[in-house]
Amino acid sequence: MTQQSIVLSFLAGYVDTVGFIALFGLFTAHVTGNFVLIGSALASHSNGVLIKLLAFPAFILAVALTRMAHIWLERSARTPMPYLLLLQLVFLLCFMAAGCLAEPVSNTQAPLALLAGICGAASMGVQNASSRLILQHLTPTTVMTGNVTQLVIDLVDILRGAADDVVRQRCIKFFWPVVAFGAGAIGGGFAYKHLLFFALLLPAAMLAWLAATEYLSEKTGAGSPSTL
């Protein structure tokens, strides 16, 4: 479970950074952060407002779609997680394809650039929804503020000698996703610098691997990794 949380956290940091660098400061994972950027852009009359405005409804629709897919898959007696990972993968590949076609991305209102932002936000919307619907037992993988807060609280208790085994285990649980998110953010920045939108091939491969692992685990009767 730690492995899955680490992979998804790395992926979120990576994709969020690629979107931020490539698409005029767009947050795809931490989508509410775009409200701050929208306010700043409106106050300074700068460009890039439209793509941030469109990201929010795209995120909401992706969450709604994930919920409906989750309900349908459960009623069909199928393990939802591999299929939701594939749904996220489809949106991520559309993000990459639209971005590649839009290059060089210089116009903040170019249709392909807007489509890339919409697909990126939708991809991370699926991950956010999956975390709430299926992976509640995991550390949140897309927004790290709460994770860092809990991690610091637990570290203080450990240092003052007031922590039991539960607190120590929780500290480990929160520590590695935070590190993975940071590593993903750094990796995404350097990857985009050299590969542009083809940098998204790495998180796409990671999603494909997670989906295959979940699916094969279900088929072999070992139990879905997301429920172990």
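**Exercise 1.** Where do arginine 168 and aspartate 165 lie, and how many residues apart are they?

Solution. Both residues belong to helix α7 and stand three residues apart, about one turn of the helix. Helices here are DSSP runs of H or I with at least four residues, numbered from the N terminus. The model is predicted: local features need pLDDT of at least 70, side-chain atom pairs count only at pLDDT 80 or more, and totals for chains, interfaces and linings use all residues. Residues are numbered from 1 along each chain as its sequence is written, and side-chain values use heavy atoms, leaving out hydrogens and water.

**Exercise 2.** How many salt bridges does the rule give?

Solution. A salt bridge is a side-chain nitrogen of Lys or Arg within 4 Å of a carboxyl oxygen of Asp or Glu. The count is three.
- Arginine 168 pairs with aspartate 165, closest N and O atoms 3.6 Å apart.
- Aspartate 157 pairs with arginine 160 at 2.9 Å.
- Arginine 170 pairs with aspartate 154 at 2.8 Å. This pair links distant parts of the chain, helix α7 (residues 165-195) and helix α6 (residues 145-159), 16 residues apart.

**Exercise 3.** Is aspartate 154 buried or exposed?

Solution. Buried means under 20% relative accessible area, exposed over 50%, partly exposed in between (1.4 Å probe, protein chains only). Aspartate 154 has 0%, so it is buried.

**Exercise 4.** Which residues does alanine 98 contact, leaving aside neighbours within four places in sequence?

Solution. Alanine 98 sits in helix α4 (residues 80-102). With contact meaning heavy atoms within 4.5 Å, its partners are Leu112, Leu115 and Ala116. Alanine 98 counts as buried because its relative accessibility is 4%.

Technical notes
Helices (H or I, at least four residues) and strands (E, at least two) are DSSP runs, numbered from the N terminus.
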